[in-house]
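Colleague: I would like to go through this structure feature by feature. Please give the general idea each time, and then the case at hand.

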Amino acid sequence: MADDSLFQVQLVTPERILLEGTAAEVVLRTAEGDVTFLANHTPLVGSVEAGVVRVVRPDEDDLRVAVHGGFVQVEQGVAIGGEGEAATGSRVTLLLGVAELAAEIDVEAARADLEAAEAKVAELGGGGRTAGEGDEADPALAAAEADVRWAQARLEAADVAAAAG
């Protein structure tokens with residue numbers, strides 16, 4: 001990998017490896033906000049929030065993945081290249097609990113899931129508050145709100161405008 005603007009990237013779930021290759025950038029949402037990782041990014045370990053991960057790959061279309069949380073690790077000094085190459089570079093690894101490639105998303109099912117989750121939030125009285133507000137956190141409301149975020153992420157990854165419900 002001679003191009004210094006590229007780095008290794010891996011997206012892994014408990015079920016499978018979604019991507020293993022090179023990238024020019026990886027864009028995702030962390031607990032601290034949206035972040036873009038480029039080659040030679042500072043080493044980091046952080047949490048990944050529900051949303052869309054976008055991987056910009058050389059000579060290929062961007063890869064979009066809906067994620068429902070996980071962890072990201074950025075490493076430096078990782079051996080890269082094929083046989084005979086003795087170079088080091090960057091690697092971004094995402095360990096994702098639940099993730100779905102945009103091309104594999106069933107848009108109609110995601111829309112139905114979003115409607116059901118929004119109805120559940122409304123039923124639980126979450127219209128004007130969030131699960132953490134008030135005297136006690138409501139685990140059912142928190143779960144319903146997480147379901148809304150997951151359905152929205154799936155629709156956004158599939159590039160469907162219905163994510164704004």
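Modeller: What follows goes from the overall layout to the helices, the cores, a hairpin and some loop residues. This is a predicted model, in which local features need pLDDT of at least 70 and side-chain atom pairs count only at pLDDT 80 or more, while totals for chains, interfaces and linings use all residues. Residues are numbered from 1 along each chain as its sequence is written, and side-chain values use heavy atoms, with hydrogens and water left out.

Colleague: How many helices and strands does the protein chain have?

Modeller: Helices (H or I, at least four residues) and strands (E, at least two) are DSSP runs, numbered from the N terminus. The protein chain has 2 helices and 10 strands, in the sequence order β-β-β-β-β-β-β-β-β-β-α-α.

Colleague: What share of the residues counts as buried?

Modeller: Buried means under 20% relative accessible area, exposed over 50%, and partly exposed in between (1.4 Å probe, protein chains only). Of the 165 residues in the protein chain, 39% are buried. As for contacts (heavy atoms within 4.5 Å), 57% of those between residues at least 6 apart in sequence join residues at least 24 apart.

Colleague: How do I check the span of helix α1?

Modeller: The expected span is 1.5 Å times one less than the number of residues. For α1, residues 107–123, the 17 residues should span 24 Å, and the end C-alpha atoms are 24 Å apart, which agrees.

Colleague: Which residues of α1 are buried?

Modeller: An α-helix has 3.6 residues a turn, so residues three or four places apart point the same way. In α1 the buried residues are Ala110, Leu114, Ala117 and Val121. Seen down the axis, they fall within an arc of 70° (taken from the directions from the helix axis to the C-beta atoms), so they line one face of the helix. Glu108, Glu115, Ala122 and Glu123 are exposed on the other side of α1. The cover over the buried residues of α1 includes α2, residues 139–157.

Colleague: What is found at the two ends of α1?

Modeller: A polar contact is a pair of N or O atoms within 3.5 Å; within protein, one must be able to donate a hydrogen and the other to accept it, and residues adjacent in sequence count only if both atoms are side-chain atoms. Aspartate 106 caps the N-terminal end of α1, with a side-chain oxygen 3.2 Å from the backbone nitrogen of glutamate 108. After α1 comes glycine 125, with a positive phi near 80°.

Colleague: How does α2 read by the same tests?

Modeller: The 19 residues of α2 should span 27 Å, and the end C-alpha atoms are 27 Å apart, which agrees. The buried residues of α2 include Leu141, Val148, Trp150 and Arg154. Among the elements covering them are β6 (51–56), β7 (63–67), β10 (99–101) and α1. At the start of α2, a side-chain oxygen of aspartate 138 comes to within 3.0 Å of the backbone nitrogen of alanine 140.

Colleague: Is arginine 154 buried or exposed?

Modeller: Arginine 154 has a relative accessible area of 7%, so this residue is buried. Leaving out residues up to four places away in sequence, arginine 154 touches Ala66, Glu100, Ile105, Asp106, Ala109, Ala110 and Asp113.

Colleague: Which residues have the most contacts inside the largest nonpolar core?

Modeller: A nonpolar core is a set of buried Ala, Val, Leu, Ile, Met, Phe, Trp, Tyr and Cys residues joined through side-chain atoms within 4.5 Å. The largest has 24 residues, and those with the most contacts inside it are Leu11, Val26, Leu28, Val53, Val55 and Val65. A second, separate core of 16 residues includes Ala144, Ala151, Ala153 and Ala157.

Colleague: How many bridges join β3 and β4?

Modeller: Two strands pair if DSSP finds at least two bridges between them. Strands β3 (residues 25–30) and β4 (residues 33–37) pair in the antiparallel sense over 5 bridges, forming a hairpin with 2 residues between them. Valine 27 has threonine 36 in β4 as its bridge partner.

Colleague: Where do asparagine 40 and aspartate 59 lie?

Modeller: Most residues other than glycine have a negative phi. Asparagine 40 has a positive phi near 70° and lies in the loop between β4 and β5 (44–48). At 55% relative accessibility, asparagine 40 counts as exposed. Aspartate 59 has a positive phi of about 60° and lies in the loop between β6 and β7. At 84% relative accessibility, aspartate 59 also counts as exposed.
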